[in-house]
Amino acid sequence: MQPQLIICEHCDSVYQRPALAPKQTAHCQRCGALLERGRHLTTDQLLALTVAAAILFMLANAFPIVEISMQGLSNEATLWASVEALAEGRITIIALVTGLSIIFAPALQIILLGWVLYHARSGRIAPGFRTCMRALEHLRPWSMLEVCLLGILIAIIKLAGMLEVHAGLGLWAMAMLTVLIILISGRDVRDLWNELQVPVR
Ligand SMILES: [Zn+2]
């Protein structure tokens with residue numbers, strides 16, 4: 001199919017793909033069904049958010065995610081230290097999956113998004129565009145920041161009765177990073193296929 005053509009899912013009418021401004025919508029002339037919705041964010045905005053995500057990612061890794069104290073003793077844990085601690089035990093495979101899903105997948109997502117968006121900003125197709133975009137699709141289920149975040153919050157609440165547990169700066173960074181990644185890697189980025197007119201092949 002030609003990428004510049006668009007088919008109404010309800011009545012099979014074919015249209016030229018319209019150029020939509022952000023938040024504009026296109027409807028089928030025959031049956032009125034929604035054909036396409038304009039992007040929420042421009043490429044510039046997406047790129048700016050990606051840079052913000054990169055900074056938050058560094059903060060999430062550099063600062064402790066939890067601080068635990070008990071009877072005057074205190075301890076902090078960073079993401080990396082938690083993965084390392086897991087790797088030392090007998091559950092190395094869990095450490096591997098955890099490291100992959102909370103450190104490597106988000107890092108790769110940020111790098112790929114930055115690469116693709118940086119080029120798209122000036123209307124160019126990034127070298128390796130297809131590979132990057134497909135990798136981004138495959139990475140989405142691997143990036144389990146939100147699951148991890150939920151786990152940490154539950155642990156903090158459960159431990160709060162016994163110990164003094166505080167959310168560290170790293171945790172706040174991680175929370176914001178989670179929201180940003182969901183926002184950036186959504187449909188708006190997939191629209192680059194059409195916008196740059198890259199044949200899917
Ligand atoms: Zn229609």
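Are C8 and C28 buried or exposed? Select the two residues and look: both C8 and C28 are buried. Keep in mind that this is a predicted model.

**Stop 1: the whole chain**

Zoom out before going further. The chain holds 8 helices and 7 strands. Show the C-alpha trace and turn it. Along its principal axes the trace spans about 70 × 35 × 30 Å. The radius of gyration of the chain is 21 Å, while a compact globule of 201 residues would have one near 17 Å. Colour the chain by burial next. Of its 201 residues, 38% count as buried.

**Stop 2: the zinc site**

Now select the zinc ion. Which protein residues are its donors? They are C8, C11, C28 and C31, each through its SG atom. Draw the distances from these atoms to the zinc ion: they run from 2.2 to 2.3 Å. Then draw the angles. The 4 donor atoms subtend angles of 104 to 114° around the zinc ion, so the arrangement is tetrahedral. For that label, all angles must lie between 85 and 135 degrees.

Turn on the sequence view. The donor residues are spaced C-x2-C-x16-C-x2-C. Why does the pair C8 and C28 tie together separate parts of the chain? C8 sits in the loop between β1 (5–7) and β2 (14–16), and C28 sits in the loop between β3 (25–27) and β4 (34–37), so the pair links parts that are 20 residues apart in sequence.

**Stop 3: around the zinc loops**

Stay with the loop between β1 and β2, and select D12, which is found there. Its phi is near 65°, a positive value in a residue other than glycine. Is D12 buried or exposed? D12 has a relative accessible area of 57%, so this residue counts as exposed. The cut-off for exposed is over 50%.

Next, pick R37, in strand β4. R37 has a relative accessibility of 42%, and therefore counts as partly exposed. R37 and A26 are 11 residues apart along the chain, and their C-alpha atoms are separated by 6.4 Å.

**Stop 4: a sheet of three strands**

Select β5, β6 and β7. What is the order of the strands in this open sheet? The order is β6-β5-β7, with antiparallel pairing. The edge strands are β6 (73–77) and β7 (164–167), each of which pairs on one side only. Look along the sheet for its twist, which averages 15° from one strand to the next.

On one side, 4 bridges join β5 to β7, and the two strands run antiparallel. E67 stands opposite H166 in β7. Bridges also join β5 to β6: there are 5, and these strands run antiparallel as well.

Now select S69. In β6 its bridge partner is S74. In β7 the bridge partner of S69 is E164.

Follow the chain from β5 to β6. This hairpin has 2 residues between the strands, and Q71 takes a positive phi near 45°. Then show the surface of β6. Of the 5 residues of β6, the number buried is 0, so this strand lies largely in the open.

**Stop 5: a helix residue**

Move on to helix α3 (residues 92–121) and select I94, which lies in it. I94 has a relative accessible area of 41%, so this residue is partly exposed. From I94 to V83 the separation is 11 residues in sequence and 8.8 Å in space, C-alpha to C-alpha.

**Stop 6: the aromatic pair**

How many aromatic pairs does the count come to? The count is 1. Select F129 and W193 to see the pair. Its geometry is edge-to-face, with 5.2 Å from centre to centre and 80° between the planes. An angle over 60 degrees counts as edge-to-face.

F129 lies in helix α4 (residues 129–139) and W193 in helix α8 (residues 192–195), so the pair ties together parts that are 64 residues apart in sequence. Are the two residues buried or exposed? Both F129 and W193 are buried.

Notes: Residues are numbered from 1 along each chain as its sequence is written. This is a predicted model: local features need pLDDT of at least 70, side-chain atom pairs count only at pLDDT 80 or more; totals for chains, interfaces and linings use all residues. Side-chain values use heavy atoms; hydrogens and water are left out. Donors are N, O and S atoms within 2.8 Å of the metal (3.2 Å for Na, K and Ca); water is not among the atoms, so sites may look incomplete. Four donors count as tetrahedral if all angles lie between 85 and 135 degrees; four count as square planar and six as octahedral if opposite donors are over 155 degrees apart and all others between 65 and 115; anything else is irregular. Buried means under 20% relative accessible area, exposed over 50%, partly exposed in between (1.4 Å probe, protein chains only). Rings of Phe, Tyr and Trp (its six-membered ring) pair if their centres lie within 6.5 Å; planes under 30 degrees apart count as stacked, over 60 as edge-to-face and the rest as tilted. Two strands pair if DSSP finds at least two bridges between them. Axes are lines fitted to C-alpha atoms, for helices over the stretch in contact, and angles run from 0 to 180 degrees between N-to-C directions. The radius of gyration is taken over C-alpha atoms; the globule rule is 2.2 Å times the number of residues to the power 0.38.
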